[in-house]
Amino acid sequence: MGGALTRYRVIAYIVGVVLIALVVVGMPMKYIWDDPIVVETIGPGHGFLYMVYLVAAFDLGRRAEWPLSRMALVMLAGTVPFVSFWAERVVARWVREPQPAAS
Amino acid sequence: MKRLLTPSWIARHVGAVALVVAFSALGWWQISRAVAGNALSWAYAVEWPVFAGFVIFVWIREVRHTLRGDSPHTDSAPGPLDTAEPARPLAATGVAGPVGAPADARGPGGAAGIRRPVRAVRRTTTADEDPELDEYNRYLAWRNANPDARISDYPG
């Protein structure tokens, strides 16, 4: 469980940072200054890192025996800029002190 | 089988089929884009079928959990559709096998996930028999009770 949580937290952090770079730097450059270089460079990279995030989240949820709804929630949380860091902390707390009902 | 035809399960079946169809269509769309010259689309053309396969995997996994009678859905945090479904105690599900068995060999703290039927092992050896055979029988009994454990985990 500890290993799965660490893997999840590492990839969640990486995906969160790349997502913020994309939203804070890439998007304004593309849509305001018409320079899509950042989006084109790190966009696909973020996509594939997010796949890794999905795998890590699924693996963690499987081990922690989350219901499917919670697993889906955690997976979706990785798509929201800034919120993903908070979600990662919440997930770490869930795993450390399991509370079976709420999700 | 009836457990897979509750309203919530029908919603899940429909959702799974819809996702598989949608992901397959997206994969096909990416193949057409890749053929048209977008090199990155080759990667996406692989990715979408993987997603579709993942949906099928999770679908089968949930179905099997439910048929075993210990799905996390049936005993915790039901979705809005689940409320119509009465809570079923494990013993009432009619599954032969894991009910009441001390099947949770997963260590402390872990709620039982996939339970496996555990056969009771009858000791047939008597005291005056070979202690080595006795020990071996103990070992076999342990192996039988803990089919997933590694040999190196044997405590004896």
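The model is predicted: local features need pLDDT of at least 70, side-chain atom pairs count only at pLDDT 80 or more, and totals for chains, interfaces and linings use all residues. Residues are numbered from 1 along each chain as its sequence is written, while chains are lettered from A and ligands numbered from 1 in the order in which they are written.

**Chain A**

Chain A has 4 helices and 0 strands, in the order α-α-α-α along the sequence. Helices (H or I, at least four residues) and strands (E, at least two) are DSSP runs, numbered from the N terminus. Of the 103 residues in chain A, 25% are buried. A residue is buried if 20 or more other C-beta atoms lie within 10 Å of its own, exposed if 12 or fewer, and partly exposed in between, with C-beta atoms placed from the backbone. Among contacts in chain A with a separation of 6 or more, 66% join residues 24 or more positions apart; a contact means that two C-beta atoms, placed from the backbone, lie within 7 Å.

Beyond its neighbours within four places in sequence, A:Ala57 is in contact with A:Tyr8, A:Met71, A:Val74 and A:Met75.

A:Phe82 sits in the loop between α3 (68-77) and α4 (83-96) of chain A. Its phi is near 70°, a positive value in a residue other than glycine. Most residues other than glycine have a negative phi.

**Exposure of two residues**

| Residue | C-beta neighbours inside 10 Å | Class |
|---|---|---|
| A:Phe82 | 12 neighbours | exposed |
| B:Trp59 | 18 neighbours | partly exposed |

**Chain B and confidence**

B:Trp59 lies in helix α2 (residues 40-68) of chain B. Its C-alpha atom is 7.9 Å from that of B:His13, 46 residues apart along the chain.

Chain B has a mean pLDDT of 72, with 62% of its residues at 70 or more; pLDDT is the predictor's confidence in each residue, from 0 to 100. Over residues 71-110 of chain B, pLDDT stays under 50. Where pLDDT is low, the predicted coordinates should not be read in detail. For the complex, the predictor gives an ipTM of 0.70 and a pTM of 0.58.
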